[in-house]
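Subject: Structure for your review

Dear colleague,

My notes on what was found in it follow.

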Amino acid sequence: MIIMYNLSRRKFLKQVVAAGAGTAILPGTLLAGDEEVSPVTKDRDLRSGVSRFLLVPPCLVKPTESEITVNLAGGKNPLHCFIMFRESEAATWNKTEIFSIEKHTPVSIILRPLQANTLYEYQVQVRLKGAEAFKPETEGSFRTQRKDSSNFSFAMISDSHITPNEPERIKILSDISKSILARRPDFLLMLGDNIQTFTSHGGPMTEERFGPILYYMLRYGLGNLPASVPIFNVIGNWEGENGWHPEEQRAWARRARMSWLPNPLPYTYPEGGGEYGDYYGFTWGEGLFIVLTVTGYTTIEHVHGTKTGRGDDWMLGENQKEWLYKRLKDLKAKRKFIFIHHTVSGKAGDDLNTRYGRGGGQAAKVGEQKLIHEWMKRFKVNALFYGHDHVFTDIPVDGIHYTCVGSAGAPWKFTTDETGYKNYWPDSGYTWVDVNEDKVLVSFITPDSTKPGGNILHQFEIIK
Ligand SMILES: [Fe+2]
């Protein structure tokens, strides 16, 4: 497998760009019991994530009650593929149509029809174009959308800041991903700054070819985790999609994200969202999950260190704000959670970091966040989970938890001087949430090479 830490390997970049970042969508077809399909072979560990032909392990996204999307990225040769899938340990397999994967190019394949709240397994079958026989390449498993009141768990990471020439960040992300996979949550939310544009601080993606390489590197760091744990992505201020960036460059960043790590689109779930998958909602069991973008529609520049933007002039934009209000007002759920890179305002350790949107719960009653906080109170939101400040901390405000989920790769750990937080955990790690019938249990966990599930550093309960 190629590891692209160094942008000087221009050949790969050229190939990525030449291949484009376009995503083909192919529906699955139901062909139960096809005799030509070979059963799972165990001559090598297909769950290891090591692939001979794919660039990175598969990435599951958009699990609904009736389908899921598998994103596959081609390696150095063009391929033919199909995917077999079945209810866990069922007697017969379904399979998709045969589809093509071009080299270094992602495709999104939909598996359907599926049943809600059900465990499935799948296997990717591959042959080189021109070769005759398909062979099993890699496999994984997943659970479809829960529609009942059963207990479940989900995980969150933030601020991996994956960028070229920073292998330590990929190592941290990789260790964290392995620990999350060992615990097998229903899904993972990535709360932004997952990648890092690199030509200026939080600046635009200055060349189109940088988008695919950054998302490829992110997928590499996640390793085998998304092959069996579906991913939901939140946009931060380093993804190159800020409202004050030029539209052409935002479109490059958006196109790469939507090709390599697709998010729900307005028609994926009844909760809907934005046309670029930058904000969306979904229900899982008795939980309502609302994902927002705080940078996508803020048009006033908020670059760190400049004095243009203020702590109280961040904005969601009219469309996103109206969508949020309607979803909170209309959707009844026992648990409600909001996910956003940082609050829609800042109140931090100093003026510079206040302008930059730091401070979490300290900023609950500042700027547009004050309005959002009122809605969260009125419509009984349990918690707002965010990243941006690279530490774990929890500040309850009027009973609503503002929880910063820690960082999963970023080398910078902000202190009280910058954030204003008095009680926080700077360790790299992930946040784990158990949604149980009587309570929600939130844990901050750091990976440990001797313990697959990691070490719990802090834990608190949200009781309704
Ligand atoms: Fe960050």
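A residue is called buried here if 20 or more other C-beta atoms lie within 10 Å of its own, and exposed if 12 or fewer do. Please also keep in mind that this is a predicted model.

Let us apply that definition to strand β19, residues 400-405. In this strand, 6 of 6 residues are buried.

Strand β19 belongs to an open sheet of 6 strands with mixed pairing, in the order β14-β15-β16-β17-β19-β18. The edges of the sheet are β14 (280-284) and β18 (392-397), each of which pairs on one side only. On average, neighbouring strands in this sheet are turned by 20° against each other, with direction ignored.

As a general point, the strands of a sheet pair through backbone hydrogen bonds, and the pairing may be parallel or antiparallel. Which sense does β19 show towards β18, and which towards β17? With β18, strand β19 runs antiparallel, and 6 bridges join the two. With β17 (residues 383-386), the pairing is parallel and extends over 4 bridges.

Individual residues let you follow this pairing in the model. Thr 403 in β19 has Asp 394 opposite it, and Phe 385 also stands opposite Thr 403. Pro 396, in turn, stands opposite His 401 of β19. Strands β18 and β19 form a hairpin with 2 residues between them. In that turn, Asp 398 has a positive phi of about 50°.

Two domains

The chain is divided into domain 1 (10-143) and domain 2 (152-462). Their centres, taken over C-alpha atoms, are separated by 28 Å. Where the domains meet, 28 residues of domain 1 are in contact with 27 residues of domain 2. On the domain 1 side, the elements that give two or more residues are α1 (10-19), β3 (59-61), β4, β8 and β10 (135-143). The largest share, 5 residues, comes from β10. This side of domain 1 divides into 16 nonpolar, 10 polar and 2 charged residues.

Helix α5

Helix α5 (residues 247-260) has 14 residues and spans 20 Å from its first C-alpha to its last, close to the 20 Å expected. The helix is mostly covered, with 10 of its 14 residues buried. Among the buried residues are Trp 252, Trp 260 and Met 258, as well as Arg 250, Arg 254 and Arg 257. What covers the buried residues of α5 includes β4 (68-73), β8 (106-111), α3 (210-222) and β13 (231-233).

Residues in loops

Several loop residues also deserve a look. Thr 298 is located in the loop between β15 (287-291) and α6 (318-330). Is Thr 298 buried or exposed? Thr 298 is buried, because 22 other C-beta atoms lie within 10 Å. Leaving aside neighbours within four places in sequence, Thr 298 is in contact with Gly 243, Trp 314 and Met 315. Thr 298 and Trp 314 are 16 residues apart along the chain, yet their C-alpha atoms are separated by 5.7 Å.

In general, most residues other than glycine have a negative phi, and most peptide bonds are trans. Against that background, three further residues may be examined.

- Asn 165 has a positive phi, near 65°, and lies in the loop between β11 (152-157) and α2 (167-183). Asn 165 is exposed, because 10 other C-beta atoms lie within 10 Å.
- Asp 193 has a positive phi, near 50°, and lies in the loop between β12 (187-190) and α3. Asp 193 is buried, because 27 other C-beta atoms lie within 10 Å.
- Pro 113 is joined to Arg 112 by a cis peptide bond, with omega about 0°. Pro 113 is placed in the loop between β8 and β9 (119-128).

With kind regards

Notes:
Residues numbered from 1 in each chain as written. Predicted model: local features only at pLDDT ≥ 70, side-chain atom pairs only at ≥ 80, totals over all residues. Expected span 1.5 Å × (residues − 1). Contact = placed C-beta atoms within 7 Å. Pairing = 2+ DSSP bridges. Axes fitted to C-alpha atoms, helices over the stretch in contact; angles between N-to-C directions. Domains from an automatic or database assignment. Nonpolar A, V, L, I, M, F, W, Y, C, P; charged D, E, K, R; others polar.
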